Amino acid sequence: MVVIICMIALGIVAGYFLRRRKLRYLDNIVMGIIWLLLFLLGVEAGSDERIVRWIASLGIEAFAISLGGVIGSSALALILWRLTCTNDSGKGGGR
């Protein structure tokens, strides 16, 4: 846990010193790394026989809870987006 917190702190310091530079490809790199980590997490979970058995035994209840979480998070994110962002037509909240 200490290593994770130190890495986050180092990233914040690096971001502070690089804030005036235009890092065009940074968003794409970060997104690619996140997708890679999610894929590797799936590989790790799929290779563990206990996890695969456990997932299969959960059934429809786990699916319903997951779907509800995704739909709820998406709905609240959309509401927050509309409240905080403005556009050219003057619609939406924001500053």
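This is a short tour of a predicted model, one selection at a time.

**Whole chain**

Follow the cartoon along the sequence and the pattern reads α-α-α-α. Now colour by relative accessible area. Of the 95 residues in the chain, 0% are buried.

**Confidence**

The chain mean is 86, and 88% of the residues reach 70 or more. Which helix has the lowest confidence, and which the highest? Select residues 49–58: this is helix α3, lowest at a mean of 77. Helix α1 is highest, at 94.

**Helix α1**

Select residues 2–17. This is helix α1, with 16 residues. Helix α1 is hardly covered, with 0 buried residues among its 16.

**Rings at Tyr-16 and Phe-17**

Show side chains for Tyr-16 and Phe-17. How are the two rings arranged? They are edge-to-face, 5.4 Å centre to centre, with 75° between the planes. The count for the model is 1 aromatic pair. Phe-17 is exposed, with a relative accessible area of 63%. Arg-19 lies over the face of Tyr-16, at 4.0 Å from the ring centre. Keep Tyr-16 in the middle of the view: Phe-17 pairs with its ring edge-to-face, and Arg-19 lies over its face.

**Helix α4 and Ser-73**

Move to residues 60–84. This is helix α4, and Ser-73 is in it. Show Ser-73 together with Gly-69. What lies 2.9 Å from the backbone oxygen of Gly-69? A polar atom of the Ser-73 side chain does.

**Cysteines**

Finish with Cys-6 and Cys-85. Cys-6 is partly exposed, at a relative accessible area of 42%. Cys-85 is also partly exposed, at 25%. How many disulfides does the model have? The count is 0. A disulfide would need a pair of cysteine sulfur atoms within 2.5 Å.

Terms used. Residues numbered from 1 in each chain as written. Predicted model: local features only at pLDDT ≥ 70, side-chain atom pairs only at ≥ 80, totals over all residues. Heavy atoms only, no water. Buried < 20%, exposed > 50% of the residue type's maximum accessible area, 1.4 Å probe, protein only. Phe/Tyr/Trp six-rings, centres within 6.5 Å; stacked < 30°, edge-to-face > 60°. Lys NZ or Arg CZ within 6 Å of the ring centre and 35° of its normal. Helix = DSSP H or I, 4+ residues; strand = E, 2+ residues; numbered from the N terminus. Expected span 1.5 Å × (residues − 1). Polar contact = N/O pair within 3.5 Å; in protein donor to acceptor, adjacent residues only side chain to side chain. pLDDT = per-residue confidence, 0-100.
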